[in-house]
Amino acid sequence: MKALQWTVVATGLVASTSSAFATQYLTAQQAQALIFPQANAFKEANLQLTAEQMHAIEALSGLPARSAAWRVISAWQGDKLLGHMVLDDVIGKFEPISYAVGLAPDATVIQVEILAYRESHGFEIRNAAWRKQFVGKTAADKVTVGDNIANISGATLSSTHVTDGVRRIVAVAQVALKK
């Protein structure tokens, strides 16, 4: 009986400590307003990729396409498309990192925003200077840590996984969103 009680207590402690570092920085609505301040309308434009598109994304990014379904929000100013915001999650070291990538209609990165960070270390990926490295990148660029994206000491996995996520998203944009 005591072993069972200890297991329940230990499980409770693990559960409470794993989420103790979670920080919600932005909602999706706040991120879209930051990325597209001139927009007067936002519309859901979620993607459901075909098998052919997923293969093209894998070839372009060098990464598994990971999902056929992508949450996309299009930003509009009147009848002019300003671009898209793609929402995604990647794993940091142990916990998911929620982020948004703003893209121009030509699939160029406009901005990257960290929405939620749940790890005890590595929150430096939220620094504007680090995120600014992605601005102007496309699927044709080598978007990798160590090449044209700097690593962050103490946040190696977080910076690598977010960078891989952005590389995947620019490939998704090139294949399925580019106008």
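Me: In the hairpin of β4 and β5, which residue takes a positive phi near 65°?
Reply: This is a predicted model, where local features need pLDDT of at least 70, side-chain atom pairs count only at pLDDT 80 or more, and totals for chains, interfaces and linings use all residues. Residues are numbered from 1 along each chain as its sequence is written, and side-chain values use heavy atoms, with hydrogens and water left out. Strands here are DSSP runs of E with at least two residues, and helices are runs of H or I with at least four, numbered from the N terminus. Two residues lie between the strands of this hairpin, and the one with that phi is Gly78.

Me: How many bridges join β4 to β5?
Reply: Two strands count as paired if DSSP finds at least two bridges between them. Within this pair, Trp76 stands opposite Leu81 of β5. Strand β4 (residues 69-77) runs antiparallel to β5, and the number of bridges joining them is seven.

Me: How many of the twelve residues of β5 are buried?
Reply: Buried means under 20% relative accessible area, exposed means over 50%, and partly exposed lies in between, using a 1.4 Å probe and protein chains only. Strand β5 (residues 80-91) is largely enclosed by the rest of the structure, because its buried residues number nine.

Me: Where do the buried residues of α2 fall, seen down its axis?
Reply: The buried residues of this helix (residues 28-35) are Ala28, Ala31, Gln32 and Ile35. The arc is taken from the directions from the helix axis to the C-beta atoms. These residues line one face of the helix, because they fall within an arc of 100°.

Me: Is Ala107 buried or exposed?
Reply: Ala107 sits in the loop between β6 and β7. Most residues other than glycine have a negative phi. Ala107, although not a glycine, has a positive phi of about 75°. With a relative accessible area of 2%, Ala107 is buried.

Me: What is the relative accessible area of Arg66?
Reply: Arg66 belongs to the loop between α3 (51-61) and β4. Although not a glycine, Arg66 has a positive phi of about 70°. Arg66 is partly exposed, at 44%.

Me: What separates the C-alpha atoms of Val145 and Thr163?
Reply: Val145 lies in the loop between α4 (128-131) and α5. Contact means heavy atoms within 4.5 Å, and, not counting residues up to four places away in sequence, Val145 touches Ala150, Asn151, Ser159, Thr160 and Thr163. Val145 and Thr163 are 18 residues apart along the chain, and their C-alpha atoms are separated by 6.7 Å.
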